[in-house]
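Work through these exercises with the structure on screen. Try each task before you read its solution.

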Amino acid sequence: MVVESTAGEVLFLLARVLFGGVLAFMGLNHFSDVEGMAGYAEMKGLPAPAFSVVASGVMLVLGGVGVVTGIAPVLSAGALATFLLVSAVTMHDFWAVPEDQTQDEMTGFLKNVALAGGALVLLAVGGQAWPYAVNLTLL
């Protein structure tokens, strides 16, 4: 079991709601400004920038909701970890930007890496039964 007390179960649920909820909200933001985000993605050299924005928004929403609800937790946490690590390197390349942009990009990079760490923790326990979760897997 992931946790062994009622307090631990409640804290694990709260952590999932905070973590997954924020990432799902970030994904929804991808849909509210596809054009603006696609321009940024194009500037960073991503192929098919508008598609990339929409696809990453879908990944964030589904992954975030999956973490909150416990639906396909391994797939959800794995997808989030992958997205966060890839986007850290491709979208927040602080080492390759002008000096006046370095701090903003480094902050985005470090945020994504830290969030990826949280997703990896959830991935590590994704095969166990989560308290207060649907516990539905795809396999």
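## Exercises on a helical protein

From the N terminus on, the elements run α-α-α-α-α. The model is predicted: local features need pLDDT of at least 70, side-chain atom pairs count only at pLDDT 80 or more, and totals for chains, interfaces and linings use all residues. Residues are numbered from 1 along each chain as its sequence is written, and side-chain values use heavy atoms, with hydrogens and water left out.

**Exercise 1. Describe the whole protein.**

Step 1: count the elements. The protein has 5 helices and 0 strands. Both are DSSP runs, numbered from the N terminus: helices are H or I with at least four residues, strands are E with at least two.

Step 2: take the dimensions. Along its principal axes, the C-alpha trace spans about 50 × 25 × 25 Å.

Step 3: look at burial. Buried residues make up 38% of the 139 residues. Buried means under 20% relative accessible area, exposed means over 50%, and partly exposed lies in between (1.4 Å probe, protein chains only).

Step 4: look at contacts, meaning heavy atoms within 4.5 Å. Take the contacts with a separation of 6 or more: residues 24 or more positions apart account for 69% of them.

**Exercise 2. Work out how α3 packs on α4.**

Two packed helices are described by the angle between their axes and the distance between the axes.

Step 1: find the angle and distance. α3 and α4 pack at about 140°, with axes 8 Å apart. Axes are lines fitted to C-alpha atoms, for helices over the stretch in contact, and angles run from 0 to 180 degrees between N-to-C directions.

Step 2: name the arrangement. That angle makes α3 oblique to α4. Angles under 35 degrees count as roughly parallel, over 145 as roughly antiparallel, 65 to 115 as roughly perpendicular and the rest as oblique.

Step 3: list the residues. From α3 come S56, M59, L60, L62, G63, G64, G66 and V67, and from α4 come S76, A77, A79, L80 and F83.

Step 4: sort them. The contact of α3 with α4 holds 8 nonpolar, 5 polar and no charged residues. Ala, Val, Leu, Ile, Met, Phe, Trp, Tyr, Cys and Pro count as nonpolar, Asp, Glu, Lys and Arg as charged, and the others, Gly among them, as polar.

**Exercise 3. Is S87 buried or exposed, and what does its side chain contact?**

Step 1: S87 is buried, because its relative accessible area is 7%.

Step 2: its side chain makes a polar contact with the side chain of N112 (2.7 Å). A polar contact is a pair of N or O atoms within 3.5 Å; within protein, one must be able to donate a hydrogen and the other to accept it, and residues adjacent in sequence count only if both atoms are side-chain atoms.

**Exercise 4. Where is G126, and which residues does G126 touch?**

Step 1: G126 lies in the segment after α5.

Step 2: G126 is buried, with a relative accessible area of 4%.

Step 3: not counting residues up to four places away in sequence, G126 touches P73 and V74.

Step 4: G126 and A72 are 54 residues apart in sequence and 8.2 Å apart in space, C-alpha to C-alpha.
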